[in-house]
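This report walks through a two-chain model, taking the contact between the chains, then each chain as a whole, and then selected local features. Please keep the sequence and the structure in view while reading.

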Amino acid sequence: MAENKKVPRRDFLRSAGNTAAGITVGGIAGLLFATSSSKELVWQLDPELCVQCERCSTECVLPQSAVKCVHSYSMCGYCDLCGGYLEPDAKSRDTSAENQLCPTGAIQRTFVEDPYFEYKIDEELCIGCGKCVKGCGSFGNGSLYLQVRHDICVNCNECAIARNCPAQAFRRIPADTPYILRGEESDRYAREI
Amino acid sequence: MTMNKKHSLILIMLLTLMAVNLFAQPQQRFPKPDFESGYEQLTMQTPGPRSQTWEIIDIAVLFVSLSLATWLALKKRSRTLIFALMLFALAYFGFFRQGCICAVGSFQNVAYAFSNPGYAIPISAVFFFALPLLFALFYGRTFCAAVCPLGAIQDFVLVKPVKVPNWLGMILGVIPYLYLGLAVMFAVLGAGFIVCQYDPFVGIFRFGGHFDLILLGGAFLLLGTVVGRPYCRYLCPFGVMLGWMSRLSKKHVTITPDECIHCRLCENSCPFNAIDEPTEPVPDQEKSRGGRQLLIMILLVPLFMTVFGWTVSRLDVPLSKQHHTVALAEQIKLENNGLTTETTDASDAFRASGRTTEDLFADAVMIRKQFRAGGWWLGGFLGLVFGLQLVSWSRRRQQVDYEPNRTHCLSCARCFQSCPREHVRLKSRG
């Protein structure tokens with residue numbers, strides 16, 4: 001008698017539990033789906049918070065970091081004595097390797113007109129260490145700064161650099177405005193969007 | 001002449017600036033020149049994010065793999081094909097998609113999304129969370145068998161499984177609950193996704209990452225040659241949830257295709273110790289005693305929850321260190337009290353930011369309070385798990401056949417081959 005009652009009761013409990021669990025998981029998924037489809041987020045670093053600790057170059061999960069130096073040309077002073085390009089104790093102001101701040105020689109220096117030079121980042125070479133950013137921000141206009149390049153970034157679930165950023169400069173921002181820029185570039189970017 | 005003047009001017013500026021400026025902040029020190037040579041300023045490139053196509057493809061591959069795994073385990077009953085699908089999942093979700101996003105960590109996104117309205121959870125995270133659970137709710141943990149890349153890499157290296165003693169398995173089996181509870185609490189309180197942070201296999205999938213974690217992954221794989229899927233059984237937090245679902249599942253793989261003949265041949269076929277053996281019939285006089293014991297255990301559950309909750313809530317100080325703000329506040333306090341002379345990048349950054357220490361400490365105190373409340377929840381959850389485990393032990397399990405344990409069975413189909421009825425079935429089909 002008791003044996004006969006046991007099995008249906010167990011089945012009943014399982015089926016009730018199954019329905020409840022199904023509603024719970026389905027409900028959570030449905031609710032989140034409704035909110036998630038509204039906007040997509042990507043990782044970006046706020047250059048105003050960045051302290052150039054060089055972790056961007058080492059913490060990214062990619063073999064070469066998705067963080068690169070970018071250049072707001074509108075803010076650049078085109079200086080000959082560039083704090084972002086030259087070692088502080090550089091022997092001369094030329095393109096020889098021992099004078100360059102950049103460990104990979106990723107900044108191209110081109111003569112424009114006396115006494116001005118143009119500085120352009122070769123992103124293939126840039127490792128995102130931010131040495132030039134520190135130099136430019138300390139001695140120059142701060143036209144060089146770091147940004148996550150979204151053509152390279154794989155948008156990890158939790159960004160490994162964000163986790164280790166001492167200034168908490170990384171945050172998720174809307175994917176339709178995925179950069180935090182400076183100078184006229186910022187205004188132009190806002191207009192384009 | 002003008003050049004020299006300019007340089008000396010720059011030098012003076014540099015010296016003054018170096019004294020006041022610790023960190024690089026934008027400041028228009030040198031005006032942009034008016035070029036006379038007709039030089040045109042370059043424009044900055046701003047490449048957009050990769051399209052969501054891959055996310056959609058991932059979800060589609062997940063759904064198809066889950067359906068296929070379920071069909072292979074429940075209908076086709078083929079270990080070979082499940083193994084093949086498992087290798088595909090390892091190649092696709094593991095090495096090709098580099099282990100992110102994965103279902104194992106997705107519950108953290110869900111927890112984070114519920115506590116942070118500003119966070120829009122990726123669509124892929126929603127599906128990677130819900131689809132395996134829903135499939136488990138209908139057909140058992142077929143996700144673990146052939147779709148999870150973390151399971152696949154461990155299953156692949158399993159060559160000579162040894163049986164883990166029951167007592168050890170039980171003790172280690174507690175860790176996933178603890179890991180799940182901690183991960184949810186940290187995600188809700190904004191202290192990061194620890195399951196992603198300490199994923200031992202993602203570094204192997206990416207051929208790079210933190211050395212310690214790759215070493216840990218290697219250790220797991222080495223251990224995995226003799227202990228079946230150590231991460232899945234003794235760590236995986238998502239496996240806990242899949243186990244709950246699977247326990248309630250509508251259908252589930254069975255060892256025998258039709259009837260159990262009690263030949264005991266399947267007894268040692270499971271490398272994960274997930275086969276329940278038939279129980280002895282219970283004498284009547286023990287039944288009433290068992291009932292009383294069961295009642296006591298059920299009444300003890302709230303007590304366990306309270307005691308565990310209180311205990312874990314007292315751990316708010318060490319637990320809250322996982323949160324960046326609290327860790328920073330502690331460092332600043334040490335520095336201010338002269339207990340350490342070495343500053344960290346984080347404390348330097350804080351001091352340069354111009355925020356007041358009072359402000360930071362107030363934030364840290366608030367977060368620590370949240371951790372105390374979170375500790376009650378986490379402890380309560382662990383107490384509930386512990387209490388229910390005791391309840392299930394004191395309950396008489398009644399079973400007549402050899403059956404897979406629905407909570408722990410991964411539907412890997414290894415046991416089928418050991419069942420004589422399976423061979424009859426295969427023969428009758430030709």
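How many residues of chain B are in contact with chain A, and with how many residues of chain A? In this predicted model, 68 residues of chain B are in contact with 67 residues of chain A.

## The contact between the chains

On the side of chain B that touches chain A, at least two residues each come from helix H1 (2-20), helix H4 (103-115), helix H5 (123-139), helix H10 (194-197) and helix H18 (345-353) of chain B. The largest share of that side, eight residues, is supplied by H5(B). Sorted by class, the side of chain B that touches chain A holds 40 nonpolar, 20 polar and eight charged residues.

One residue of chain B that reaches across to chain A is B:Pro33, which, leaving aside its neighbours within four places in sequence, is in contact with A:Tyr78 and A:Tyr116. B:Pro33 sits in the loop between H1 and H2 of chain B, and it counts as partly exposed because it has 15 C-beta neighbours inside 10 Å.

## Overall form of chain A

Chain A contains five helices and six strands, and along the sequence these follow the pattern α-β-α-β-β-β-α-β-α-β-α. The radius of gyration of chain A is 26 Å, whereas a compact globule of 193 residues would have one near 16 Å. Taken along the principal axes, the C-alpha atoms of chain A fill a box of roughly 100 × 35 × 25 Å.

Of the 193 residues of chain A, 45% count as buried. When contacts in chain A between residues at least 6 apart in sequence are considered, 73% of them join residues at least 24 apart.

## Overall form of chain B

Chain B has 20 helices and two strands.

Of the 430 residues of chain B, 38% count as buried. Among contacts in chain B between residues at least 6 apart in sequence, 82% join residues at least 24 apart.

## Helix H2 of chain B and its packing

Helix H2 of chain B, residues 53-76, has 24 residues and spans 32 Å from its first C-alpha to its last, which is close to the 34 Å expected at 1.5 Å a residue. The buried residues of H2(B) include B:Asp58, B:Leu62, B:Leu66 and B:Ala69, and the buried residues of this helix pack against H3, H5 and H6 of chain B. Just after H2(B), B:Arg77 takes a positive phi of about 50°.

How do two such helices come to be described as a pair? Two packed helices are described by the angle between their axes and the distance between the axes. H2(B) and H5(B) pack at an angle of about 10°, with their axes 10 Å apart; angles under 35 degrees count as roughly parallel, and H2(B) and H5(B) are therefore roughly parallel to each other. Among the residues that make this contact are B:Ile59, B:Leu62, B:Phe63 and B:Leu66 of H2(B), together with B:Phe127, B:Phe128, B:Leu131 and B:Phe135 of H5(B). The residues of the contact of H2(B) with H5(B) divide into twelve nonpolar, two polar and two charged.

## A covered helix in chain B

Helix H7 of chain B, residues 149-157, is mostly covered, with seven of its nine residues buried. The buried residues are B:Pro149, B:Leu150, B:Gly151, B:Ala152, B:Ile153, B:Gln154 and B:Asp155, and what covers them includes helix H3 (79-96), H4, helix H6 (142-146), helix H11 (202-206), helix H12 (211-224) and helix H13 (230-234) of chain B.

## Backbone features in the loops

A cis peptide bond with omega of about 0° joins A:Asp114 and A:Pro115, and A:Pro115 lies in the loop between strand S3 (107-113) and strand S4 (116-121) of chain A. In chain B, a cis peptide bond with omega of about 10° joins B:Cys100 and B:Ile101, and B:Ile101 is placed in the loop between H3 and H4 of chain B.

A:Glu54 is not a glycine, yet it has a positive phi of about 80°; with 17 C-beta neighbours inside 10 Å, A:Glu54 counts as partly exposed. B:Arg229, in the loop between H12 and H13 of chain B, also is not a glycine and has a positive phi of about 45°, but B:Arg229 counts as buried because it has 28 C-beta neighbours inside 10 Å.

Methods
Residues numbered from 1 in each chain as written. Chains lettered and ligands numbered in written order. Predicted model: local features only at pLDDT ≥ 70, side-chain atom pairs only at ≥ 80, totals over all residues. Contact = placed C-beta atoms within 7 Å. Helix = DSSP H or I, 4+ residues; strand = E, 2+ residues; numbered from the N terminus. Nonpolar A, V, L, I, M, F, W, Y, C, P; charged D, E, K, R; others polar. Buried ≥ 20, exposed ≤ 12 C-beta atoms within 10 Å, placed from the backbone. Rg over C-alpha atoms; globule rule 2.2 N^0.38 Å. Expected span 1.5 Å × (residues − 1). Axes fitted to C-alpha atoms, helices over the stretch in contact; angles between N-to-C directions. Parallel < 35°, antiparallel > 145°, perpendicular 65-115°, else oblique.
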